[in-house]
Amino acid sequence: MKLKISIIGAGNMAFRLGIALRDAGHNITKVWCRRRDAGEKLATILSTDDKPATYTDNLSDTIESELIILAISDNAINNVASILAQEIGHSSLKNTPVVIHTSGATEMDALSPLTSIGIPCGVIWPMMTLSKNKNINFGEVPLIIECHDTKTREMLEQLALSLKCEYFQCDSAKRLQMHCAAVFASNFTNYALSLAYELAGDKAPYLIPTAIEAVRKCCMIHPDQVQTGPALRGDNATIDKHLSMLHELGLSEHEEIYKIITKNIPGRVKKRK
């Protein structure tokens, strides 16, 4: 099933998801965003020889699509949904579109202006950090789907299959849990590596193999089962040396995080066993 799609937004999500949908054979017809230059650029990128995409500054131009994707900031979703509800309500469409947003942390109820007038709605959240400057194989991106009606579920499942993505369906509460889990797995890991790089200085590149190996093992076995280090061994002499060194270097942020994590590691591993 190849869909006629409009994309609202021109940021990282709209860019990467739009390219994946284009490559899967879907027809991206309209791109709307507040910045004309960004919208026109994305429309050009998402066009093919036989399926041109065009920029529009009028949201009403998007409602003739089969699917409207809101790839916009979380705090804009409800407002845009309200505008779309007005546009669709004042139209004479025979077939109303399905409208979805792509946020991990925003409840599906943000689309209530649309669902309240009978417009089928849903959520597709790609559980991956996306950026314009890094190509990605979208088939490796897990999708979390949420919807409340059969028509939307079938459409979103077919969409996921066309992208060759693994997917599962859950409600807004579980999706929020997964979004928070992704923050721990990605943003907090990145934060820890930033602290490590600062401490290592110009020798930071030598940390790359051990970081990669740590993630590789965590992917094969539960993280608690592959935990190592002085905290787990109860090596207080080494821990004291580390803390003393961090204090002498004036790295108070590193010292604070080191203490918190060192305190909690043994209990987590013991609880797991």
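Reader: Happy to dig in! In what order do the eight strands of the open sheet run?

Author: Welcome! The strands here are DSSP runs (E, at least two residues; helices are H or I, at least four), numbered from the N terminus, and two of them pair if DSSP finds at least two bridges between them. The open sheet has eight strands with mixed pairing, in the order 3-2-1-4-5-6-7-8.

Reader: Which strands stand at the edges?

Author: This is a predicted model, where local features need pLDDT of at least 70, side-chain atom pairs count only at pLDDT 80 or more, and totals for chains, interfaces and linings use all residues. Residues are numbered from 1 along each chain as its sequence is written, and side-chain values use heavy atoms, leaving out hydrogens and water. An edge strand has a single partner strand, so one side is left without a neighbour in the sheet; that applies to strand 3 (54-56) and strand 8 (167-169).

Reader: Where does His26 lie, and is His26 buried or exposed?

Author: His26 lies in the loop between helix 1 (12-23) and strand 2 (27-32). Relative accessible area under 20% means buried, over 50% exposed, and in between partly exposed (1.4 Å probe, protein chains only). Since His26 has 2% relative accessibility, His26 counts as buried.

Reader: Which backbone nitrogen lies 2.9 Å from a polar atom of the side chain of His26?

Author: Among the residues that His26 touches, not counting those up to four places away in sequence, are Met1, Leu3 and Ile5; contact here means heavy atoms within 4.5 Å. The backbone nitrogen at 2.9 Å from a polar atom of the His26 side chain belongs to Leu3.

Reader: What kind of pair do the rings of Phe184 and Phe188 make?

Author: Rings of Phe, Tyr and Trp (its six-membered ring) pair if their centres lie within 6.5 Å, with planes under 30 degrees apart counted as stacked, over 60 as edge-to-face and the rest as tilted. Phe184 and Phe188 are four residues apart in helix 6 (residues 172-200), and therefore separated by about one helical turn. Their ring centres are 4.7 Å apart and their planes are at 70°, so the pair is edge-to-face.

Technical notes
A polar contact is a pair of N or O atoms within 3.5 Å; within protein, one must be able to donate a hydrogen and the other to accept it, and residues adjacent in sequence count only if both atoms are side-chain atoms.
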